[in-house]
Amino acid sequence: MPKRRLALRRTRVGLLFWVITGLDSVICVLQVFNDPIHGHIELHPLLVKIIDTPQFQRLRSIKQLGGAYFVYPGASHNRFEHSIGVAHLAGKLGQALKTKQPDLNITDRDILCVQIAGLCHDLGHGPFSHLFDAMFIPRARPDKKEWKHETASLAMFDHLVKSNGLEVEMEQYGLIPSEDLTFIKEMIHIDTKKDQEKTSTWPYEGRKEDKSFLYEIVSNKENGIDVDKFDYFARDCYHLGVQINFDYRRFLKFARVCEVDGRKHICVRDKEEDNMSEMFHTRLCLHRRAYQHKVNKIIETMITDAFLKADSVENNESTITIYKAIDGKTESTEKKTFRLSKAIDDMEAYTKLTDAVFEQILNSTSEELKDARHILRRIITRKLYRFLGETRLDDPTEVSTNVVVCLYCITLSTIKMDYGMKREDPIDHLYFYSKHNTTRAFKRKRCQVSRIRPTCFSERLVRFVCKKTDLKADPKADPRAEFKKWCKAKGFPEYQVIFINKLLNI
């Protein structure tokens with residue numbers, strides 16, 4: 001047996017350890033990242049190959065919480081570190097299940113695929129994360145209202161693999177691209193139609209039905225409990241300075257796979273019910289205190305307005321320019337420009353679209369971008385749209401999410417708050433097992449749930465925002481009459497009209 005020696009060198013993101021045989025052949029490479037949330041984590045060399053691509057490095061320039069950085073000074077973290085954290089936790093959960101239940105036949109290949117899915121699940125996020133796909137694209141591209149960042153993640157993942165020649169690398173590390181690329185993409189984004197067919201034939205191609213539980217690790221459509229949430233709950237709370245009571249490490253410790261109606265699902269010990277309830281409560285608290293914070297949403301509305309104005313101008317300084325390579329030379333004269341909303345149609349252009357577009361517009365000198373630049377300067381100088389007030393609807397189904405109606409200078413928007421499963425209790429969708437029988441899964445009956453637990457799990461808020469500081473600047477405008485007309489047409493309770501009139505003092 002040749003004697004092994006350890007080589008060590010520093011890289012720009014961590015320490016790289018080489019375990020080398022006497023014949024100087026590399027048999028194992030581990031890169032160590034020092035993460036503020038998970039400590040020192042080790043990543044497979046194939047994950048490092050993916051990280052060191054332009055498509056993944058782009059995530060360094062996309063804020064995890066969008067406009068919240070303008071409200072919480074500590075919320076400066078990006079999609080880059082979150083994605084690495086999800087890959088780490090995906091590997092942890094996969095390895096824990098493999099160790100506890102060898103009969104599941106979880107292979108190292110399975111775990112590596114799950115880690116890649118965790119690493120690449122957010123590749124498709126645009127500038128300021130959810131602002132781009134939830135607020136900007138629906139208004140800029142009405143033909144793409146159903147477009148989501150998950151859709152772009154699949155396209156960007158294909159682009160990443162193809163443009164960097166990673167299929168060869170995957171084969172070298174024991175993956176089978178024809179099967180595993182499909183499996184990875186299915187874990188990144190589960191087709192809704194396929195998800196609805198899960199009671200019939202097995203709808204997926206990447207893995208057979210006996211490994212159905214693998215699809216619940218990164219993005220769990222069964223009950224919303226997955227490693228993506230584990231990381232962003234812990235990471236967001238850390239950077240926001242918000243206390244978190246949910247402990248994901250206990251879930252990793254007590255997670256097991258049990259068979260239910262012919263399908264294998266990830267279950268947790270019955271004594272962990274309170275811990276899991278705390279997870280969903282943490283989600284609600286983060287939405288109330290940060291994600292849906294009134295000033296955060298106002299700033300994101302202003303950024304959206306600025307992007308829309310910039311997007312309406314052809315050939316301006318905010319367009320994305322890409323140079324088509326000819327014979328490997330990017331210095332060719334062949335180039336193409338894309339408006340912000342059109343970049344989603346070309347992954348090469350989308351790779352260059354990051355939060356930096358904010359600074360591009362802000363620092364531009366183009367007369368065509370004057371209006372967009374003015375809105376962004378209002379953000380920097382804190383001359384924000386005015387928050388007039390909010391009210392809750394008696395029936396949370398009265399208004400659809402993200403309805404925005406503009407009347408003169410006043411905007412009405414609805415905000416959704418829930419525990420993650422709309423009007424349902426997520427715990428009702430979670431499978432438990434007991435220490436007396438670790439193979440039998442069951443759900444909590446309503447009579448077994450603590451009576452001090454909440455009974456309502458969803459609410460809708462209607463918020464009123466004014467884009468101008470002086471509402472009475474236009475004597476011809478009659479917001480009161482227009483509000484009454486709009487509320488009557490939409491079936492809003494009368495008290496909202498009285499409510500808004502008091503705020504406007506008209």
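**Notes on the predicted model**

1. Asp231 and Arg235 both belong to helix α10 (residues 227–240), where they sit four residues apart, about one turn of the helix. The two form a salt bridge, with 2.9 Å between the closest N and O atoms. Both Asp231 and Arg235 are buried.

2. Now for the overall picture. The protein chain has 506 residues, of which 54% count as buried. Its secondary structure comes to 18 helices and 14 strands. Taking contacts between residues at least 6 apart in sequence, 69% join residues at least 24 apart. The chain exposes about 24800 Å², and carbon and sulfur atoms supply 49% of that area.

3. The nonpolar interior comes next. In soluble globular proteins, nonpolar side chains tend to be buried together. Here the largest nonpolar core has 131 residues, and the members that touch the most others are Ile116, Phe157 and Tyr350. Apart from this core lies another, of six residues, including Leu388, Leu412, Phe464 and Cys466.

4. Once its neighbours within four places in sequence are left aside, Tyr350 is in contact with Arg58, Gly124, His125, Gly126, Phe132, Trp147, Ala152, Met156, Ala343 and Ile344.

5. Back to the charged pairs: the whole structure holds 27 salt bridges. One of them joins Asp108 and Lys98, whose closest N and O atoms are 2.6 Å apart. Asp108 is in helix α4 (residues 108–120) and Lys98 in helix α3 (residues 79–100), ten residues apart. Asp108 counts as exposed, at 54% relative accessibility, while Lys98 counts as partly exposed, at 25%.

6. A further salt bridge brings together the side chains of Asp305 and Arg139, at 3.4 Å from N to O. Because Asp305 lies in helix α13 and Arg139 in helix α5 (residues 130–140), this pair ties together parts that are 166 residues apart in sequence. Is each partner buried or exposed, or something in between? Asp305 counts as buried, with 6% relative accessibility. Arg139 is partly exposed, with a relative accessible area of 43%.

7. Helix α13 (294–311) also turns up around helix α16. Within α16 (residues 370–380), the buried residues are Ala372, Arg373, Ile375, Leu376, Arg378 and Ile379. The elements covering them include α13 and α15 (356–362). After α16 comes Arg382, which has a positive phi, near 65 degrees.

8. On to a sheet. Four strands make an open sheet in the order β5-β6-β12-β13, with mixed pairing. The edges are β5 (256–260) and β13 (437–442); each has a single partner strand, so one side of each is left without a neighbour in the sheet. On average, neighbouring strands of this sheet are turned by 50 degrees against each other, direction ignored.

9. β5 and β6 pair in the antiparallel sense over five bridges, with Arg256 having Cys267 in β6 as its bridge partner. The two strands form a hairpin with two residues between them, and Asp261 in the turn has a positive phi of about 55 degrees. On to the next strand: β6 (residues 263–269) pairs with β12 (residues 432–434) in the parallel sense over two bridges. Arg269 stands opposite Tyr433 in β12.

10. Why does Ser277 count as buried? Its relative accessible area is 13%, and buried means under 20%. Beyond its neighbours within four places in sequence, Ser277 is in contact with Ile427 and Arg453.

Methods. Residues numbered from 1 in each chain as written. Predicted model: local features only at pLDDT ≥ 70, side-chain atom pairs only at ≥ 80, totals over all residues. Heavy atoms only, no water. Buried < 20%, exposed > 50% of the residue type's maximum accessible area, 1.4 Å probe, protein only. Contact = heavy atoms within 4.5 Å. Core = buried A, V, L, I, M, F, W, Y, C linked by side-chain atoms within 4.5 Å. Areas by Shrake-Rupley, 256 points an atom, 1.4 Å probe, with all protein chains shown as cover. Pairing = 2+ DSSP bridges. Axes fitted to C-alpha atoms, helices over the stretch in contact; angles between N-to-C directions. Salt bridge = Lys/Arg side-chain N within 4 Å of Asp/Glu carboxyl O.
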